[in-house]
Amino acid sequence: MAKPFKIAVSDAQLQNLQQKLETASFPDELDDAEWDMGVPLAEMKRLTAYWRDGFNWRHKEMELNETLKQFLVPITVSGFGELDIHCLHHTDSNPNAIPLLFLHGWPGSFLEATKLIPLLTAGDEQPAFHLVVPSLPNFGFSSAVKKKGFGLVQYAEAMHAVMTALGYHEYAIQGGDWGSIIARVMANRYPDQVKAVHINLLPVMPPLPWRNPLLFLQSLLTIPFSSKDKAHLVATKQYLTEGNSYFREQETCPQTLGYALHDSPVALLAWIYEKLHAWTDNYPWTDDEILTWVSIYQFSTAGPAASVRIYYEAARRDSPSAFPGLTTADVMSIVAPHGVRFAVAQFRRELFRVPLYWRWLIGNVVRANEYDCAGHFAAWEVPELLAWDIKAFLGRNGQAHGAVSGRSGY
């Protein structure tokens, strides 16, 4: 049974953070380095000073507790026992509202979806939604996982268990970053319950002839690519060759990195802030937004080091359950059952962008749009636009209208 939850960071945690910020030291910086080598020194000194002397976590904590309906949902994951999953659960007054599961990734959190809540659960608009926003295991205020092998199959099982525990037997999913990968695993494993999936990240394997001969022939017929397709592939190549060193470190040696993330709030701030800056489309981050985002990791139940282990586990097929594990590459190559309807929204500054006609590689994609704005954190950068796209997909006259039977949870 789900239990109401309030964020309650201890005084000892706040005091420990304060002490570390007061004794923080900084490296030097090359002249005119700006953002070329990472977060500029001046930015780090300014944000550290504000975190130490100006940012009021207690005020933010109270605001989150007053505005968000939070719960701990006990679930069981095969081979790992019981976990408590922190989640937001905002229901609409319409009893036929569509259950919608919002899945975040790294370095995101439940915080990303908070701008969507009033847009999707207003009570007087159609379609209406019951919005469920979990913190993934090892993230936010969900339980820590204490042994190896908790991979993509287990994340999918955990998220499906949350929806089942809340009484939703059919539902839709919205996901970006790891959320888009986990959503695709769920569509393959639970097609009788997952009826529609909306994603804003489309990682796929190229249509090679032995994987998808028809799409490969289509690619040959459409070469040369359009200028937009070329730009997408150039951006993706740049990300894969120059922008994913963080991915390789977290995929191979998460424990080594974890010492810095756990012991140094300045290291944690730099590690995450670099991505907030680089992965958005000139979004005007405020200092309070940045520090709230990073504080969710700083004060997380499992600790900030635990969050990066998803990269390590997703690169391997280790699994203590009866189900074989899946790697990220596996998921990028699988096709969901035809009964699950997909929508893709591809934003201008997304990390991984591909020609939209490759969308058929993931399954029955009935809606696909490209937007000339925003980046990796669409729910935070352009919540109104993302909410509109979700509603257009699932609402009346939408490509997935009627796919999900709206029903109340507990």
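Helix α12 is mostly covered in this predicted model, with ten of its twelve residues buried. Those buried residues are E289, I290, L291, T292, W293, V294, S295, I296, Y297 and Q298. They pack against six helices: α1 (11-22), α2 (41-53), α3 (57-67), α11, α13 (304-307) and α16 (378-381).

The length of α12 can be checked with a simple rule. At 1.5 Å a residue, the twelve residues of α12 (residues 287-298) should span 16 Å. The C-alpha atoms at its ends are 16 Å apart, which agrees with the rule.

Is W293 buried or exposed? Its relative accessibility is 0%, so W293 counts as buried. Leaving aside residues up to four places away in sequence, W293 touches P107, G108, L111, E112, I272, L276, W285, F377 and W380. As for I272, it stands 21 residues from W293 in sequence, and the C-alpha atoms of the two are 8.7 Å apart in space.

Helix α6 (residues 178-189) can be described in the same terms. Its twelve residues should span 16 Å at 1.5 Å a residue, and its end C-alpha atoms are 16 Å apart, which agrees. In α6, ten of the twelve residues are buried, and the helix is mostly covered. The buried ones are W178, G179, S180, I181, I182, A183, R184, V185, M186 and A187.

The next topic is empty space. Rolling a probe the size of a water molecule over the atoms shows where empty space is left.

At least two residues of its lining come from each of α6, α8, α9, α14 (309-314) and α15 (328-333). The largest share, five residues, is supplied by α8.

Finally, the chain as a whole. The protein chain has 17 helices and nine strands. Buried residues make up 56% of its 410 residues. Along the principal axes, the C-alpha atoms of the chain fill a box of roughly 60 × 50 × 45 Å. How does the radius of gyration of the chain compare with that of a compact globule? With 410 residues, a compact globule would have a radius of gyration near 22 Å, and the protein chain has 21 Å, which agrees. Of the contacts between residues at least 6 apart in sequence, 77% join residues at least 24 apart.

Key
Residues are numbered from 1 along each chain as its sequence is written. This is a predicted model: local features need pLDDT of at least 70, side-chain atom pairs count only at pLDDT 80 or more; totals for chains, interfaces and linings use all residues. Side-chain values use heavy atoms; hydrogens and water are left out. Helices (H or I, at least four residues) and strands (E, at least two) are DSSP runs, numbered from the N terminus. The expected span of a helix is 1.5 Å times one less than its number of residues. Buried means under 20% relative accessible area, exposed over 50%, partly exposed in between (1.4 Å probe, protein chains only). The radius of gyration is taken over C-alpha atoms; the globule rule is 2.2 Å times the number of residues to the power 0.38. Contact means heavy atoms within 4.5 Å.
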